[in-house]
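Please take a moment with the sequence and the structure before I turn to the details.

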Amino acid sequence: MNEILEGIIEILQDLHPDVDFDTCDTLVDDKIIDSFDIVTIISEINEEFDVIIPAEEILPENFNSASALAALVERLCDE
């Protein structure tokens, strides 16, 4: 597991310690995380990884799993 994914899982576990973020890929679809959680996640990612998530990237598919979030952060870091 890479460093970004580990950091994302840590952020998510702080919000919802009862969820298995290693396997869950329906965080938004199953309403495990809500809009308030997404705002918190964006803020934490900004602080942790020094990347800004633009509004056009705030899509359910980017927030449905820890790995999707990690891929988003990696993509933004590369830009």
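Predicted model: local features only at pLDDT ≥ 70, side-chain atom pairs only at ≥ 80, totals over all residues.

I begin with a helix pair: Ile4, Leu5, Ile8, Ile9 and Leu12 of α1 are in contact with Ala66, Ser67, Leu69, Ala70, Val73 and Glu74 of α4. By residue class, this contact consists of 9 nonpolar residues, 1 polar and 1 charged.

The crossing of α1 with α4 is right-handed.

Helix α1, which covers residues 3-15, packs against α2 at about 140°, and here the axes are 10 Å apart. This arrangement, too, makes α1 oblique to α2. The crossing of α1 and α2 is right-handed. On the α1 side, the residues in contact are Ile4, Gly7, Ile8, Ile11, Leu12 and Leu15. On the α2 side they are Asp37, Thr40, Ile41, Glu44, Ile45, Glu48 and Phe49. The residues of this contact comprise 8 nonpolar, 2 polar and 3 charged.

What does Phe49 touch beyond its sequence neighbours? Setting aside residues up to four places away, Phe49 touches Ile4, Gly7, Ile8, Ile11 and Val73. Phe49 belongs to helix α2. With a relative accessible area of 17%, Phe49 falls under the 20% limit and is therefore buried. Within the chain, Phe49 and Ile38 are 11 residues apart, and their C-alpha atoms are separated by 16 Å.

The second residue is Glu44, also located in helix α2. Is Glu44 buried, exposed or partly exposed? Its relative accessibility is 35%, so Glu44 counts as partly exposed. The C-alpha atoms of Glu44 and Gly7 are 9.7 Å apart, although the two residues are separated by 37 positions along the chain.

In soluble globular proteins, nonpolar side chains tend to be buried together. In this model, the largest nonpolar core contains 26 residues. Which of them have the most contacts inside the core? They are Ile8, Leu12, Ile41, Ile45, Phe49 and Phe63.

Ile32 and Asn64 are 32 residues apart in sequence, while their C-alpha atoms are 9.2 Å apart in space.

Lys31 is located in the loop between α1 and α2 as well. Most residues other than glycine have a negative phi. The phi of Lys31, however, is near 55°, a positive value. Lys31 is exposed, because its relative accessibility of 71% is over the 50% limit.

The loop between α2 and α3 holds the remaining residues on my list. Asp50 is found there, and its phi is also positive, near 55°. Asp50 has a relative accessible area of 67% and is therefore exposed.

Glu57 is placed in the loop between α2, residues 35-49, and α3, residues 60-63. Is this glutamate, Glu57, buried or exposed? At 16% relative accessibility, Glu57 counts as buried. Which residues does Glu57 contact, leaving aside neighbours within four places in sequence? They are Asn62, Phe63, Leu72 and Arg75.

To close, let me return to two points. The crossing of α1 with α4 is right-handed, and so is the crossing of α1 with α2. Phe49, for its part, is buried, and it is one of the residues with the most contacts inside the largest nonpolar core. Thank you for your attention.

Key: Residues numbered from 1 in each chain as written. Heavy atoms only, no water. Helix = DSSP H or I, 4+ residues; strand = E, 2+ residues; numbered from the N terminus. Buried < 20%, exposed > 50% of the residue type's maximum accessible area, 1.4 Å probe, protein only. Contact = heavy atoms within 4.5 Å. Axes fitted to C-alpha atoms, helices over the stretch in contact; angles between N-to-C directions. Parallel < 35°, antiparallel > 145°, perpendicular 65-115°, else oblique. Left-handed = near helix turned anticlockwise from the far one by under 90°. Nonpolar A, V, L, I, M, F, W, Y, C, P; charged D, E, K, R; others polar. Core = buried A, V, L, I, M, F, W, Y, C linked by side-chain atoms within 4.5 Å.
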